[in-house]
Amino acid sequence: MSRNYRLLVKNAKQVVLICNNGEKFMTKHEILNLCVIENGSIVIGSDGLITAVGPAETIRDQFAGATFDKVIDATGMCVLPGLVDAHTHPVWAGDRVHEFAMKLAGASYMEVHRAGGGIHFTVEHTRAAGPPELLSSLSSRLLRMQRAGTTLVECKSGYGLDLHTELKMLQVIEEARNTLPINISSTYCGAHAVPKGKTVEEATEDILQVQLPRLKEQMSAGTLRVDNIDVFCEEGVFDLSSTRRILQAGKDLGLNINFHGDELHPMNSAQLGAELGASAISHLEEVTDQGIAAMATARTAAVLLPTTAYILRLPQPRARDMLEAGVIVALGSDFNPNAYCCSMPIVMHLACVNMRMSMPEALAAATINAAYALGCSHTHGSLEVNKHGDLLVLNTTRWEHLIYQLGGHQELIRYVIIKGNIVVDNDKTLDL
């Protein structure tokens, strides 16, 4: 008796599995053996999970007589895992395009911050915005990311800095998770900045005594799913002691530690994260050698954000030093009002050019390692049996074109597929 499957993608010139032995992450030496099948096919079952992947001839024989809801003939094309964006701030109101002009004129991030811009400008507008407005803008941003190949994205709160607005943002993220095909990892980032009129100690106590207990209530009631906790550990924001207390409290709630560290000053955030068993630390432009060693030992992922260093003219994160030390390197777009980039292919391109990563390193960093940073590499980040059927079909014979070509990805990405369903078909130039 023949079986029915959701999707067959057949005869691809290349199928890039990334890895094929259940690896949860890849370090530098493993990436040298990036797993690619020449002339391959992939089958996705009715449950949206990968049923089989392998040489086209093998798959054809194995599934002779099977029926498929949809068949894509990928002759002359490449198949890759859907991209994973490990760091974004996509829920906000208020336009900060004027700040770009200030930065171009030489203003630093903290100078913009002190002038009433930056996070506090966005907080003011986000507090005033209603959930429908926030959901509408979030949805359009996530769909834009999806068109550029992102199928799993981390979404942070953090432009509320008070209980009401932080919960409003997290509820909007939850609504997006329930209504859009893109996979979402939700992050509580109430410690994104110290609210106006509060000291660091007062802000810390508010998070520990007011915000986290209410978050725990909603998570226990099943009305809200939150995956990660984040703190902006930085001079003039949350110091090491406050960061430790907040992250530990989040960990006690069952949240993964995934925070901003060592961006503008060497704060020893990397050592703190390693000590607390953090899943990931983002930024790390100012990380020390000791911090790199600690992250490598603790298997804490480094989420590098080449857009931020590029836009703020900061020193580039030390990707090569991290890779050589055995750190698990991941990538994120850092999409936010300060770094408006929705495209992981552009992020990978910047990582290769500015941070001197190789193309296989950048691809692993935007797939399996980014999934690992979000605690999702058992379900996402590679094309392996029983993982989510999230993949890209590229209209090119070599996968490297996704990184080599700067922009124009709507012409390059033929299909974006999530759980075996075509969510973007660029031949039709519309989302299905």
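Q: Is Arg 320 buried, exposed or partly exposed, and what is its relative accessible area?
A: Arg 320 is partly exposed, at 24% relative accessible area. Buried means under 20%, exposed means over 50%, and partly exposed is in between (1.4 Å probe, protein chains only). Just so you know, this is a predicted model, where local features need pLDDT of at least 70 and side-chain atom pairs count only at pLDDT 80 or more, while totals for chains, interfaces and linings use all residues. Residues are numbered from 1 along each chain as its sequence is written, and side-chain values use heavy atoms, with hydrogens and water left out.

Q: Ok, which side chain does Arg 320 meet in a salt bridge?
A: That's Glu 324, at 3.6 Å, N to O. A salt bridge here is a side-chain nitrogen of Lys or Arg within 4 Å of a carboxyl oxygen of Asp or Glu.

Q: Where do Glu 324 and Arg 320 sit?
A: Both are in helix α13 (residues 319–325), and because they're 4 residues apart, about one helical turn separates them. Helices (H or I, at least four residues) and strands (E, at least two) are DSSP runs, numbered from the N terminus.

Q: New topic: how many salt bridges are there?
A: The count is 21. One of them joins Asp 230 and Lys 156, at 2.8 Å, N to O. Asp 230 is in strand β9 (residues 228–231) and Lys 156 in strand β7 (residues 150–156), so this pair links parts 74 residues apart in sequence.

Q: Are Asp 230 and Lys 156 buried or exposed?
A: Both are buried.
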